Amino acid sequence: MFDAPPFRFLPGEYRVRRATAAWEHAGCARLRRAVFCDEQGIFDGDDRDAIDAHAIPLAAIACVAGQPEVVVGTVRIHRDADGMWWGSRLAVHADYRRSAWLGSALIRFAVGHAHALGCRRFLAQVQEANVPFFVDLHWRTLRPTVVRGRPHRLMAAELAHYPPCPQPDVALYPAARDRRAVAA
């Protein structure tokens with residue numbers, strides 16, 4: 001008998017888009033709770049706040065046979081009263097963090113989409129551990145800050161590196177190295 005180790009399926013296509021369907025909104029909310037409440041313990045039970053009432057939720061969706069299947073990443077963007085845009089609640093499902101490309105795709109889409117909607121400055125409060133990742137994506141630190149008792153940095157995206165992305169949906173096909181079967 002052949003005894004093979006279990007392998008985890010990795011989709012060959014992802015969609016990054018504005019969440020519009022009820023299942024996409026529910027998937028984004030579920031993922032945020034899993035990351036910010038259960039995993040990191042930043043919030044107790046739910047991470048929703050007043051910003052959710054006017055934010056644009058974005059979802060990274062794994063596709064199976066070309067059909068959207070499950071939300072595996074999310075971020076929300078919103079414009080404040082001064083016309084400045086913000087990104088927050090960036091989360092990627094633990095099973096999809098093996099490579100940084102999904103998180104960077106969400107960031108690129110978020111900033112590019114806001115840029116297409118008139119953004120002239122895009123900011124985020126980034127957890128200290130994620131600062132090098134954002135620096136690699138052409139963000140700069142404005143100042144250290146503390147959010148919910150944890151060290152963060154207020155950072156700004158260098159918009160010249162984020163061309164406007166007016167379409168509400170983009171397809172992503174991971175590199176061959178990311179599509180190979182990975183032992184569970």
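Mentor: The model is predicted. Helix α2 runs over residues 101-116, which makes 16 residues. From its first C-alpha to its last it reaches 22 Å, close to the 22 Å expected at 1.5 Å a residue. The helix is mostly covered, with twelve of its 16 residues buried. Among these buried residues are Leu102, Gly103, Ser104, Ala105, Leu106 and Ile107. Further along, the buried set also includes Phe109, Ala110, Val111, Gly112, His113 and Ala114. Just after α2, glycine 118 has a positive phi of about 105 degrees.

Leucine 90 belongs to strand β5, which spans residues 85-92. Leaving aside residues up to four places away in sequence, leucine 90 touches Gly103, Leu106 and Ile107, along with Phe36, Thr74, Val75 and Phe134. Gly103, Leu106 and Ile107 are also among the buried residues of α2. For the pair leucine 90 and leucine 106, the C-alpha atoms are separated by 8.0 Å, and the two residues are 16 apart along the chain.

As for the cysteines, cysteine 37 is buried at a relative accessible area of 8%, and cysteine 63 is buried at 3%. The whole structure contains zero disulfides.

Technical notes. Residues numbered from 1 in each chain as written. Predicted model: local features only at pLDDT ≥ 70, side-chain atom pairs only at ≥ 80, totals over all residues. Heavy atoms only, no water. Disulfide = S-S within 2.5 Å. Buried < 20%, exposed > 50% of the residue type's maximum accessible area, 1.4 Å probe, protein only. Helix = DSSP H or I, 4+ residues; strand = E, 2+ residues; numbered from the N terminus. Contact = heavy atoms within 4.5 Å. Expected span 1.5 Å × (residues − 1).
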